[in-house]
Amino acid sequence: MLLAVVGATGVGKSEFAMDAVEVLAARGIRAEIVNADAMQLYRGMDIATAKLRPEERRGIPHHMLDILDVTEGSTAAGYQTVVESLIEQLESEGVWPILVGGSGLYISAVLFGFAFPARDPELRARLERELENEGPDVLHERLRQLDPRAAADIDPANGRRTVRALEAVTVTGQPFRASLPSSEPVRPTRIAHLRAERALLVERLDARVEGFWRAGLLDEVQTLRDQGLEQGTTARQAIGYAQALQQLGGELTEAEAIDATKLATRKYSRRQVSWFKRYVADEPAPNAARDWIASVLD
């Protein structure tokens, strides 16, 4: 059985998942956690990803944390390949995997076995250079002309997603399906979609962003910058890290960087809620892991 705990950033997914592991253990069932937050894959990106420290993990094995350098790219397709093998391995050992995170495409790739469109590395590199030089709006307008439906489904500020769509449309000559098809999971699965009242969530997220800077985010980003963060194609765009880089570069004051991170976080959480609405899922309270596991085992 595969379990998945999904939802917007800040709703309490990690604590819920660890509670679930402990409830299962009390019933004689081994379970381990598989990270599904794309930015927690990166070594050294700890503060603004809200990555649990080892001592906070309750002795529970956590997989897919700290496996990439900040100079390496990350894709949902690559994640899918690795995690599908990991799930098979855990299940063969009698362990229930619990997929936990808020990176919608990564999670959906695993749950629904999404087949990703063809790639062209040279074309992708050229589009990424254009993104760097011209900005996301120019590429999004080009996508709108080629595939209006895909453009309507993709946030104009999401340059990487726009590049991926342009690559697929150009290579295949077919429309890009920006959203996943509705389908059943490819393996026996139960999904918990954690929700929070919007005003409470925004208050929590704003406070958390302020806490990032107090916890030393700027020092963390300076260290990562020395390790090549600005040369990476994925890690440098992470919320909080992109704004901290702008602060270090003198483009933003600290107050401006914090406000920009708050705004980006709120927008991202809205997109997460919209993404996970498409799932057929349970909606337990964030403190109700015991009741949810009971329903799974019934």
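Biologist: What does the accessible surface of the protein come to, and how much of it belongs to carbon and sulfur atoms?

Modeller: It's about 14,100 Å², and 49% of that belongs to carbon and sulfur atoms. Areas like this come from the Shrake-Rupley method with a 1.4 Å probe, and for residues only the protein chains shown count as cover. Bear in mind that this is a predicted model, where local features need pLDDT of at least 70, side-chain atom pairs count only at pLDDT 80 or more, and totals for chains, interfaces and linings use all residues. Residues are numbered from 1 along each chain as its sequence is written, and side-chain values use heavy atoms, with hydrogens and water left out.

Biologist: Why is the protein called as compact as a globular protein of that length?

Modeller: First, the parts: the protein has twelve helices and five strands, read as DSSP runs (helices H or I, at least four residues; strands E, at least two) and numbered from the N terminus. The radius of gyration, taken over C-alpha atoms, is set against the globule rule, 2.2 Å times the number of residues to the power 0.38. For 298 residues the rule gives 19 Å, and the protein's value is 19 Å, close to the rule, so the protein is as compact as a globular protein of that length.

Biologist: What makes V186 partly exposed?

Modeller: Buried means under 20% relative accessible area, exposed means over 50%, and partly exposed is in between (1.4 Å probe, protein chains only). V186 has 48% relative accessibility, so it counts as partly exposed. You'll find V186 in the loop between α7 (159-172) and β5 (189-194).

Biologist: Which residues is V186 in contact with, leaving aside its neighbours within four places in sequence?

Modeller: Those are V110, L111, F112 and G113, where contact means heavy atoms within 4.5 Å. As for F114, its C-alpha atom is 9.5 Å from that of V186, though the two residues are 72 apart along the chain.

Biologist: Which residues of helix α9 are buried, and how do you know that they're on the same side?

Modeller: In α9 (residues 217-226), the buried ones are L217, E220, V221 and L224. They cover an arc of only 95° around the axis, which puts them on the same side of α9; the arc is that of the directions from the helix axis to the C-beta atoms. In general, an α-helix has 3.6 residues a turn, so residues three or four places apart point the same way. On the other side of α9, D219 and D226 are exposed.

Biologist: What covers the buried residues of α9?

Modeller: The cover includes α8 (198-214) and α10 (241-248).
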